[in-house]
Amino acid sequence: MPQPSAGLIPNPGQGKKLFSQHCATCHGADLKGLDKGDKKGPPLLHKIYEPSHHSDVVFQLAAKNGVRAHHWPYGDMAPVPLVTPDDVAHITAYVRVEQRKVGIQ
C-alpha cells in the first residue's frame, strides 16, 4: 500500500501544480474530465469520487497500480509512475478542496 511520508501535511496549492503536470491531460484542467482523441478521463468533480465512495487511499492505489475501467467508458487508467505517494497526497488534497467548492462532501 503506498503511503505518504510520516508527518506530511498535504498542501492543496502544491497539489494543484502537481495535478496540472500529471493529471490534467486526462482529467481536465478544471477536473471536469476530458474526452478528446487519446486523452480521456472521467471528471473528478463528480459524486462518484466523493470521499465516502473513493477514499484518499484509492487515489494512491490508482496512481501506483492503475485502474480498470468500472464507472466510466473511458478505458483503463495506466499507473502514473512519476508521482510519489507524497505527490498523490497533495493532489488528493487539491481535488478534495475543489470537490467541496461544488458541494461534494
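**Briefing: helix packing and aromatic pairs**

F19 and Y94 are both buried (under 20% relative accessible area; exposed is over 50% and partly exposed in between, with a 1.4 Å probe and protein chains only). The model is predicted, so local features need pLDDT of at least 70 and side-chain atom pairs pLDDT 80 or more, while totals for chains, interfaces and linings use all residues. Residues are numbered from 1 along each chain as its sequence is written, and side-chain values use heavy atoms, without hydrogens and water.

**Aromatic pairs**
- The structure holds 2 aromatic pairs (ring centres within 6.5 Å, taking the six-membered ring of Trp; planes under 30 degrees apart are stacked, over 60 edge-to-face, the rest tilted).
- F19 and Y94 form a tilted pair, 5.7 Å centre to centre with 55° between the planes.
- F19 lies in helix α1 and Y94 in helix α4, so this pair ties together parts 75 residues apart in sequence (helices are DSSP runs of H or I, at least four residues, numbered from the N terminus).
- W72 and Y74 form a tilted pair at 6.0 Å centre to centre, with 45° between the planes.
- W72 is partly exposed at 22% relative accessible area, and Y74 is partly exposed at 23%.

**Helices α1 and α4**
- Helix α1 (residues 12–22) packs against helix α4 (residues 85–101) at about 100°, with axes 7 Å apart (axes are lines fitted to C-alpha atoms over the stretch in contact; angles run from 0 to 180 degrees between N-to-C directions).
- The two helices are therefore roughly perpendicular (65 to 115 degrees).

**G37**
- G37 is exposed, with a relative accessible area of 61%.
- G37 and H71 are 34 residues apart in sequence and 20 Å apart in space, C-alpha to C-alpha.

Technical notes: Parallel < 35°, antiparallel > 145°, perpendicular 65-115°, else oblique.
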